[in-house]
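Colleague: I would like to go through the labels on this model. Please tell me what each one rests on.

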Amino acid sequence: MKDLYTFDASPQEAQQTYDKVCMTYKSFFDELRIPYLVAKADSGSIGGHLSHEYHFPLANGEDTVISCGSCSYATNEELAKGERGTTSFKRSTDDWVPQHSWFGVSKDRLQLVEAIVPQATPSSEDPSTTKTPTEVNPYLMRALYPDLDLSIEDPLRVFVDHWSKQRSSAASQAVKDLPSLSCIYDYRVSQSFIDTNPLSDKRSPLIQKLSEIVGWNKSISPECIDLARFRDGDRCPSCGKHSIKTQQAVELGHTFYLGDRYSNPLDATFAAAQHAVVPKSPATTAPATKDPATESRALAQGRRPFQMGCHGIGISRMIAAVADSVSDKQGLLWPRVMAPYEAVILATPEHKAAAAEVWDLLSFPKQGSVEAVLDDRDRGLGWKMKDADLIGFPIVIILGRHYGPQELCEISIRRLGTKENIPVTDLKEYIVTKLDKI
């Protein structure tokens, strides 16, 4: 992990530093010449005012990134909950839409949350399209009910089993310990359905069984919002066009603007006039608080908390992610900046001496040289070609049957899908030009 911590004197300077780090990270990922996404992110437990994630799109990635094809909108699904959770809709009047329930349980097992959504809905871009199953956005649900435990695979079963075991406990019969059932309906669920099926007792045999054992505190949320996950073709919250795209991705980097999230409670301050660090007084043993009076006294003494940022790139996971994203059935396809060498030289036995001369041609003079390696192992050309593909050299130079009197080198560049015969006199210029594209 490559870590960077920044300390600035003011929020304005800290924002400038944050922007500079973001631009540097973008330049770093640009050099890989692999598609990547920069997404607004939830700062989570680390805290702070602003954060961005840097992702490689991968089918097996652990994150879901929401991006727009018409504007620069891009965000992690965990943050995208905000756009869904703050927009109210007019409730549907369609009484014949089949419904299904999503359940969540709180960490203390006192609350069961039921989200009722249509079983399937068409794309918001074209209502006439084939309907697809509706998935509830778990991050939105956690935002609405912060104590939800999203790690539970079968929340309803866990909840019912927990309270079934508690049924004989006298303490569990106290009002304060009664389980609660909270229902929230997607805006596509009609009011007549809600009035007819207000709570879960009739919809779930498990809950109906539990209702016979313990009492309930039941409530229905007045929210009329979109509880579904974003899907391809949904309306963009930023530009309003139906151009949302969802992608699985792996996070490779993260930038956080922390502000005084840590410097204030740790009393990490500096003398504002001299921009010098002020050591703690020996008498100060407790962390500073955000009490207004305390802050006012600190400011009166000319001390201010540092404005902090923390940033990082996962180097080891980046290597794995790049290998996964650019490999094919023949082997790896390293970007130029990550490859062990920019080119490998292979030759048949009769062109062994010529191959050494080609290496000299590419390697000298050092200025403008190509980082090449000569494969002089005692193996056949076919074996070496397969091994070069497996390793993933950006450019493979072959001195084989085409070399002959015309001294033509076969140049294979798998990332560009090209294979050409180039005279040795033009070889270096040709390779340098191609390297700029990979």
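Modeller: Some ground rules first. Helices (H or I, at least four residues) and strands (E, at least two) are DSSP runs, numbered from the N terminus. Two strands pair if DSSP finds at least two bridges between them. The model is predicted: local features need pLDDT of at least 70, side-chain atom pairs need 80 or more, and totals for chains, interfaces and linings use all residues. Residue numbers start from 1 along each chain, and side-chain values use heavy atoms, without hydrogens and water.

Colleague: What makes S20 and S21 a pair?

Modeller: Strands S20 (residues 408-413) and S21 (residues 418-423) share 6 bridges, in the antiparallel sense. The rule asks for at least two, so they pair. They form a hairpin with 4 residues between them. Gly417 in the turn has a positive phi of about 70 degrees.

Colleague: Why is the contact of Arg414 with Asp328 called a salt bridge?

Modeller: The term needs a side-chain nitrogen of Lys or Arg within 4 Å of a carboxyl oxygen of Asp or Glu. The closest N and O atoms of Arg414 and Asp328 are 2.6 Å apart, so the pair qualifies. Arg414 lies in the loop between S20 and S21, and Asp328 in the loop between helix H8 (315-326) and strand S17 (343-347), so the pair ties together parts 86 residues apart in sequence.

Colleague: How do you know whether Arg414 is buried or exposed?

Modeller: Buried means under 20% relative accessible area, exposed over 50%, partly exposed in between (1.4 Å probe, protein chains only). Arg414 has 17%, so Arg414 is buried. Asp328, at 32%, counts as partly exposed.
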